[in-house]
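Trainee: I would like to learn how to read a model like this one. Can we go through it feature by feature?

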Amino acid sequence: QVQLVESGGGLVQPGGSLRLSCEASGFTFSRYRMSWYRQAPGKERELVARIYNIDSRKIYADSVKGRFTISRDTAKNTVYLQMNSLKPEDTAVYLCNAANTYVALEYWGKGTLVTVSS
């Protein structure tokens, strides 16, 4: 049974930090690229950060470059998103995604809510 379980969300003041975690199970983690998306109320889901499994290359949305860092620990089947200098516009549900484009398989977590507010 495939599972992606996010954790680490919560309420934080502007300028603060949070670290999100996504623990994967039920598939071969090392064969999947891992991504974090977010969806704010009334807005479309957007890609925040991605880390590739083959070369660990990372990409970020322009809005989070220099503030967010994605990483993965294959031994723990976990992907992380370190979020610093948080802004109110970062408020959203953050969702973990695993994708293997060679076999056209993709999985989603249920998300964790991040609220940035004073």
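Trainee: Where is Arg-57 found?

Mentor: First, the ground rules. This is a predicted model, in which local features need pLDDT of at least 70, side-chain atom pairs count only at pLDDT 80 or more, and totals for chains, interfaces and linings use all residues. Residues are numbered from 1 along each chain as its sequence is written, and side-chain values use heavy atoms, with hydrogens and water left out. Strands are DSSP runs (E, at least two residues), numbered from the N terminus. Arg-57 is found in the loop between strand 5 and strand 6.

Trainee: Is Arg-57 buried or exposed, or partly exposed?

Mentor: Start with the cut-offs. Buried means under 20% relative accessible area, exposed over 50%, and partly exposed in between (1.4 Å probe, protein chains only). Arg-57 counts as partly exposed because its relative accessibility is 42%.

Trainee: Which residues does Arg-57 touch, not counting those up to four places away in sequence?

Mentor: Contact means heavy atoms within 4.5 Å. Arg-57 touches Arg-50, Ile-51 and Tyr-52 on that count. For scale, Arg-57 and Arg-33 are 24 residues apart in sequence and 9.7 Å apart in space, C-alpha to C-alpha.

Trainee: In what sense do strand 5 and strand 6 pair?

Mentor: Strands of a sheet pair through backbone hydrogen bonds, either parallel or antiparallel. The criterion here is that DSSP finds at least two bridges between the two strands. Strand 5 and strand 6 (residues 58–60) pair in the antiparallel sense, over three bridges. Ile-51 stands opposite Lys-58 in strand 6. Strand 4 and strand 5 also run antiparallel, joined by five bridges. There, Ser-35 stands opposite Arg-50 in strand 5.

Trainee: What is the strand order in the open sheet of four strands?

Mentor: The order is 1-3-8-7, with antiparallel pairing. Strand 1 (3–7) and strand 7 are the edge strands, each pairing on one side only. Neighbouring strands are turned by 15° against each other on average, direction ignored. For such angles, axes are lines fitted to C-alpha atoms, for helices over the stretch in contact, and angles run from 0 to 180 degrees between N-to-C directions. Strand 7 and strand 8 share six bridges.

Trainee: Which residues have a positive phi although they are not glycine?

Mentor: Most residues other than glycine have a negative phi. Asn-77 has a positive phi of about 50°. Asn-77 is found in the loop between strand 7 and strand 8, and it counts as partly exposed because its relative accessibility is 25%. Ser-85 also has a positive phi of about 50°. Ser-85 lies in the loop between strand 8 and strand 9 and is partly exposed, at 42%. In the hairpin of strand 5 and strand 6, Ser-56 takes a positive phi near 60°.

Trainee: Why does Asp-90 count as buried?

Mentor: Asp-90 counts as buried because its relative accessibility is 1%. Its place is in the loop between strand 8 and strand 9.

Trainee: Which side chain is joined to that of Asp-90 by a polar contact of 2.8 Å?

Mentor: A polar contact is a pair of N or O atoms within 3.5 Å; within protein, one must be able to donate a hydrogen and the other to accept it, and residues adjacent in sequence count only if both atoms are side-chain atoms. The partner of Asp-90 is Arg-67. Leaving aside neighbours within four places in sequence, the contacts of Asp-90 include Arg-38, Phe-68 and Ser-85.

Trainee: How many disulfides does a search of the whole structure find?

Mentor: A disulfide is a pair of cysteine sulfur atoms within 2.5 Å. The search finds one. It joins Cys-22 to Cys-96, with S to S at 2.1 Å. The pair links distant parts of the chain, with Cys-22 in strand 3 and Cys-96 in strand 9, 74 residues apart. The link is left-handed, with -85° about the S-S bond. Both Cys-22 and Cys-96 are buried.

Trainee: Which residues touch the most other members of the largest nonpolar core?

Mentor: A nonpolar core is a set of buried Ala, Val, Leu, Ile, Met, Phe, Trp, Tyr and Cys residues joined through side-chain atoms within 4.5 Å. The largest one has 29 residues, and Met-34, Trp-36, Leu-81, Met-83 and Tyr-94 touch the most other members. Strands that each supply at least two residues of this core include strand 4 (33–39), strand 8 (78–83) and strand 9 (92–100).
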